[in-house]
Amino acid sequence: MTVFDSRKTEYKDKIRAVKTDEPVHFRIVVPRSMSCSAASLVVHKDGESPCFYSMFWAGMCGDGHEYWELHFSATTSGLYFYHFELETPWGKSFIRNVGHGVGDFAPDGSDFQQTVYDKDFKTPDWLKGGIIYQIFPDRFYNSKTEKTGVRKSRVMREWGGEPYWKEEQMNGVWNNDYFGGDLKGIEQKLPYLADLSVSCIYLNPIFEANSNHRYDTADYERIDPLLGTEEDFKALCKKAKEKYGIRIILDGVFSHTGCDSKYFNLYNNYDTVGAYNSKESPYYPWYKFNSYPDDYKSWWGIKLLPELIEENESYRKYMFSKNGILRKWLKAGASGWRLDVADELPDIFLDGLRKAVKAQDKDAVIIGEVWEEATTKVAYGEKRRYFLGDQLDSVMNYPFAEAIINFVRFKNADSFLDSIMNIIEKYPPEVTNVLMNHIGTHDTARAITRLAGDNPEGYGRQWQYEHNKLSAEAYHLGVSMLKRAALLQFTLPGVPSIYYGDEIGMQGMKDPFNRACMEWDSPNSELLKWYKRLGEIRRGCKVFEKGEFIPVYFAQQATVFKRSDNNSEVLVALNLGDDTVRIPLDSEWESCYTLLGNIPVNGTLYLEPYRYSLLTIVK
């Protein structure tokens with residue numbers, strides 16, 4: 001008999017973060033033989049002393065066990081940690097977390113976590129149930145529109161060429177090769193994105209910068225001239241939203257700028273007095289100089305990227321004021337921001353950022369780049385409070401990405417469930433429903449390569465170049481694996497995010513091989529058809545907006561779960577093993593509608609090896 005399980009409603013009625021003042025019902029099951037005379041829930045808010053809450057005896061559980069229960073609520077947001085203590089004739093006994101949400105009598109176990117967030121915290125409804133499409137602007141589509149004001153030093157390439165990766169190709173200037181993808185090109189491809197049921201485009205940086213990735217911002221106030229103009233951006237946002245129901249979110253790079261920028265101006269390419277040019281520069285207080293002017297702090301020691309002092313009042317005013325950068329681009333048509341290296345932005349900056357963004361548009365979304373589980377992320381020497389109600393709406397969901405990739409590759413259903421539940425039970429549902437669920441980005445190898453190729457970690461660019469293309473056999477396998485991964489990505493809580501080209505089977509190792517030109521003329525039609533079908537299913541099933549995640553079966557290399565709301569349920573089943581799996585289903589599924597795969601027969605769903613089913617019922 002399980003003593004306690006934080007991931008099952010018979011022990012804890014809310015398997016998620018809770019709002020302030022929202023009660024949580026706890027139940028433990030204690031062996032009668034322990035002669036327990038009193039039980040307590042012991043809770044301490046992070047950094048504070050523990051508090052003891054008496055539980056009440058709630059009756060017998062069979063002949064050999066008894067229930068102890070209570071309701072707990074918190075008046076302030078924060079991370080709360082808890083365990084249970086019992087009084088017995090033999091002294092105190094402790095119920096602690098022994099892993100996977102299970103509580104047992106283990107003196108060396110850990111405390112459970114309960115996240116409590118502000119009851120007024122809301123995230124944008126427009127993103128829930130949608131699909132994000134990530135675009136690396138230089139490599140998506142070239143409209144061939146004539147551009148003005150482009151620096152002559154930029155190396156322009158023929159579309160479809162392999163991105164430069166050798167030092168001798170760069171002539172000493174890295175990331176200076178461009179293929180000419182632009183905003184007009186994205187606008188021209190909006191019908192293609194609409195056919196994928198995309199509801200949100202996430203653009204990698206578009207502001208003037210002097211590299212093809214544009215994470216070295218040169219001017220936050222200006223669109224990079226190779227991408228187009230501010231009017232082009234406004235036109236893209238307007239057409240995307242009004243004609244196709246697609247919103248645009250921007251990449252905000254606020255922890256550093258480029259050294260070749262109007263703010264730092266190392267090379268005197270701008271007509272401003274930059275921080276490097278004079279201590280009298282209005283931008284001088286923004287940067288961290290050890291010894292002026294050549295010894296300055298830079299992002300990860302990369303001298304091309306001088307760090308900003310985000311606490312600086314004038315810098316925050318530049319970003320957050322009524323006419324500041326954040327609100328300028330929201331007024332121009334953007335619907336939110338993805339924050340580069342959000343864990344390197346201090347609380348004072350994130351607090352101010354949210355106030356500025358929401359003051360301009362309460363429905364604008366704020367997504368942080370955080371690679372770890374975000375509620376317990378430690379930066380600046382303390383746990384971050386991203387999801388307590390006054391900072392982020394969402395994060396890039398790397399834990400889900402790793403869970404999906406690892407399950408499809410290594411087929412460990414138990415590990416897959418543990419990774420999913422670890423997020424669901426700690427995050428506010430407002431966050432969970434808008435998590436950016438990618439399986440590949442500009443910072444990782446492409447999804448099909450991660451699934452069917454060699455692991456590039458620890459290898460340099462020469463090795464990656466030599467292993468950049470899959471064999472025909474591996475690619476064929478990768479297509480099947482990517483279809484299964486996408487099925488999970490599109491049905492788990494959160495919002496699937498497609499990295500441009502993954503839907504047509506583009507392959508590639510890490511930067512720059514994962515940033516090749518979109519292969520418009522040679523798509524994998526099988527994958528593209530699959531992604532379109534998954535998009536249609538999401539668009540047609542409202543349960544994916546806010547539906548609860550309910551585990552059904554996780555064993556024998558198979559996973560089965562439900563998404564459920566008040567009106568309908570969707571059952572997702574995937575078997576990655578070599579044997580047929582039989583899943584008994586309730587009688588209500590006899591009248592289900594089959595979205596994909598097999599239908600149940602006589603109350604049983606038969607999952608053949610490497611097959612899947614997607615079923616739905618109306619309640």
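Is C259 buried or exposed? C259 counts as buried, at 2% relative accessibility. C36 is also buried, at 10% relative accessibility. Buried means under 20% relative accessible area, with a 1.4 Å probe and protein chains only.

The model is predicted: local features need pLDDT of at least 70, side-chain atom pairs count only at pLDDT 80 or more, and totals for chains, interfaces and linings use all residues. Residues are numbered from 1 along each chain as its sequence is written, and side-chain values use heavy atoms, without hydrogens and water.

A disulfide was taken as a pair of cysteine sulfur atoms within 2.5 Å. The count is zero. C36 is in no disulfide; the nearest cysteine sulfur, that of C61, lies 14 Å away.

Lining residues have an atom within 4 Å of a point. A volume is the space filled by probe spheres set on the points.

The largest pocket has a volume of about 1,300 Å³. Its lining has 37 residues, and H213, W299, I302, L305 and D511 are the closest to its centre.

The second largest pocket holds about 880 Å³. It is lined by 34 residues, of which I15, M421, I424, E548 and F549 are the closest to its centre. Helix 9 (413–424) is a DSSP run of H or I, at least four residues long. Helix 9 gives the most to this lining, with five residues.

Key:
1 Å grid on protein atoms, 1.4 Å probe; cavity = no way out; pocket = protein on both sides within 12 Å on 5 of 7 lines; lining within 4 Å. Helix = DSSP H or I, 4+ residues; strand = E, 2+ residues; numbered from the N terminus. Buried < 20%, exposed > 50% of the residue type's maximum accessible area, 1.4 Å probe, protein only.
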